[in-house]
Amino acid sequence: MHPLEILEFPDPRLRTVASPVKNITDEIVKFTERLLFTMYDATGIGLAATQVNFHQRIIAIDISETKNKPLILINPIITESAGEIESNEGCLSVPGFYEPVKRFSEIKLEAIGANGESFSFEASELLGICIQHEIDHLDGKLFIDYLSKTKRQLIRKKLKKTNANRPGSK
Ligand code: NI
């Protein structure tokens with residue numbers, strides 16, 4: 001299996017709002033496997049379909065240290081939220097930057113698993129933060145949108161420079 005290409009800020013395709021998955025077809029199941037593979041390959045703890053230019057509501061997560069507890073969420077919806085927690089976030093689409101972002105400290109959500117079954121659960125701490133970060137991606141939102149405009153522009157400039165220096169890049 002080959003990893004999928006991960007889009008990087010300021011790629012405008014990251015701003016696409018993803019559509020709900022209508023049917024869990026074999027293609028969708030295969031995609032969830034590739035999404036997980038790409039996430040592990042990039043050593044991320046979460047990856048949204050949007051980040052690999054596939055605009056349906058699917059996210060892959062694994063916050064375990066052993067990297068063997070994959071979680072696929074299809075059409076995830078936050079049904080309840082409470083509290084506030086701030087932590088440094090990073091993103092595979094914004095490589096090299098870690099900035100503090102405030103999130104709900106507890107969320108309740110509903111989603112469909114890769115097996116096609118709906119389930120609901122509660123998440124807090126790192127898992128809760130990660131889910132909120134990934135759902136944002138499905139809405140075309142990035143964690144740097146929570147930062148000041150000045151900071152975001154600085155990140156944009158630095159990333160452009162890095163990409164320009166990359167061999168073979170356009
Ligand atoms: Ni991200």
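View 1. Ile45 is partly exposed, at a relative accessible area of 33%. Partly exposed falls between buried, under 20% relative accessible area, and exposed, over 50% (1.4 Å probe, protein chains only). The model is predicted: local features need pLDDT of at least 70, side-chain atom pairs count only at pLDDT 80 or more, and totals for chains, interfaces and linings use all residues. Residues are numbered from 1 along each chain as its sequence is written, and side-chain values use heavy atoms, without hydrogens and water. Ile45 sits in the loop between α1 (26-41) and β1 (46-48). Helices (H or I, at least four residues) and strands (E, at least two) are DSSP runs, numbered from the N terminus. With Ile63 and Leu126, Ile45 forms a nonpolar patch on the surface, with about 210 Å² of accessible area together.

View 2. Cys91 (SG), His133 (NE2) and His137 (NE2) are the protein donors, 2.1 to 2.2 Å from the nickel ion. Donors are N, O and S atoms within 2.8 Å of the metal (3.2 Å for Na, K and Ca); water is not among the atoms, so sites may look incomplete. The donor residues follow the spacing C-x41-H-x3-H in sequence. Cys91 lies in the loop between β4 (85-89) and β5 (99-103) and His137 in helix α2 (residues 125-138), so the pair ties together parts 46 residues apart in sequence. Cys91 and His137 are both buried.

**View 3. Arg152 in helix α3.** Helix α3 (residues 149-165) holds Arg152. Arg152 is partly exposed, with a relative accessible area of 22%. Beyond its neighbours within four places in sequence, Arg152 is in contact (heavy atoms within 4.5 Å) with Phe9, Ile144, Asp145 and Leu147.

How values were computed. Patch = residues over 30% accessible without salt bridge, like charges linked within 9 Å, V, L, I, M, F, W, Y side chains within 5 Å. Areas by Shrake-Rupley, 256 points an atom, 1.4 Å probe, with all protein chains shown as cover. Salt bridge = Lys/Arg side-chain N within 4 Å of Asp/Glu carboxyl O.
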